[in-house]
Amino acid sequence: MTEDDIPAVLDMERLACPHPAHAWSEDNYRSSLRSGYWTRVRTHLGTGQIIGVCVAMDGVDEMHLLNIAVDKDWHGTGLARGLLGALYASCRQAGVPLLWLEVRPSNERALAVYRRQGFVEVGVRKGYYPAPGGREDALVMRLDLKAAQA
Ligand SMILES: CC(C)(COP(=O)(O)OP(=O)(O)OC[C@H]1O[C@@H](n2cnc3c(N)ncnc32)[C@H](O)[C@@H]1OP(=O)(O)O)[C@@H](O)C(=O)NCCC(=O)NCCS
């Protein structure tokens with residue numbers, strides 16, 4: 001992903017999210033690129049249109065999935081699985097054994113994808129996310145890449 005991709009990524013993600021207010025901001029993407037985080041976009045081979053994005057932050061012996069979004073017209077076609085597969089490959093190449101993420105309990109589609117991929121719930125961060133009329137908890141999930149087949 002490059003800075004030039006940001007406008008198209010923002011448009012794609014706002015339409016993909018069940019609640020556009022939950023989508024990442026331009027600043028989120030700019031600071032991820034500046035920080036050298038693991039970032040990937042998936043483009044449509046025919047049109048060159050951006051149809052997926054994934055961002056992860058590396059730490060010591062672990063990686064943290066910060067964001068993943070797929071064009072709404074491509075939901076359920078395996079693009080998230082593909083982006084996550086690329087992330088697992090990078091983790092394994094770097095010898096990183098654990099992948100972490102936070103997800104809203106209300107985001108059933110994302111939860112289903114993560115569970116299907118072998119992530120397990122290991123905790124709750126109370127009031128982690130802003131939500132209409134207050135805050136929403138985050139489920140903390142972890143994937144052990146040494147054990148997982150994904
Ligand atoms: C969450 C999201 C990235 C999933 O993308 P996707 O491309 O539709 O997911 P995939 O098609 O790769 O699905 C991966 C697996 O989960 C399954 N799955 C997908 N959607 C599902 C659903 N609603 N219920 C149950 N299983 C589902 C798929 O069947 C697939 O299983 P398989 O690998 O065994 O075939 C997408 O819905 C999205 O962009 N949502 C908005 C942004 C968002 O909420 N991001 C997460 C922030 S934490």
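This is a predicted model: local features need pLDDT of at least 70, side-chain atom pairs count only at pLDDT 80 or more; totals for chains, interfaces and linings use all residues.
Local features need pLDDT of at least 70 and side-chain atom pairs count only at pLDDT 80 or more, while totals for chains, interfaces and linings use all residues. Residues are numbered from 1 along each chain as its sequence is written, and side-chain values use heavy atoms, without hydrogens and water.

The ligand is surrounded by 20 residues, each with a heavy atom within 4 Å of the ligand. Gly76, Gly78, Arg81, Asn107 and Arg116 are the closest. By class, the shell holds 12 nonpolar, five polar and three charged residues. Nonpolar covers Ala, Val, Leu, Ile, Met, Phe, Trp, Tyr, Cys and Pro; charged covers Asp, Glu, Lys and Arg; the others, Gly among them, are polar. Strand E3 (62-70), helix H3 (79-93) and helix H4 (108-117) each give at least two shell residues. H4 provides the largest share, six residues. Helices (H or I, at least four residues) and strands (E, at least two) are DSSP runs, numbered from the N terminus.

For a backbone N or O atom of alanine 80, the distance to a ligand oxygen is 3.1 Å. A polar side-chain atom of histidine 75 is 3.3 Å from a ligand oxygen. The protein buries 78% of the 950 Å² that the ligand exposes alone (Shrake-Rupley method, 1.4 Å probe).

Aspartate 61 sits in the loop between strand E2 (50-58) and E3. Its phi is positive, near 60°, in a residue other than glycine. Aspartate 61 counts as exposed because its relative accessibility is 52%, and exposed means over 50%.

Notes: A polar contact is a pair of N or O atoms within 3.5 Å; within protein, one must be able to donate a hydrogen and the other to accept it, and residues adjacent in sequence count only if both atoms are side-chain atoms. Buried means under 20% relative accessible area, exposed over 50%, partly exposed in between (1.4 Å probe, protein chains only).
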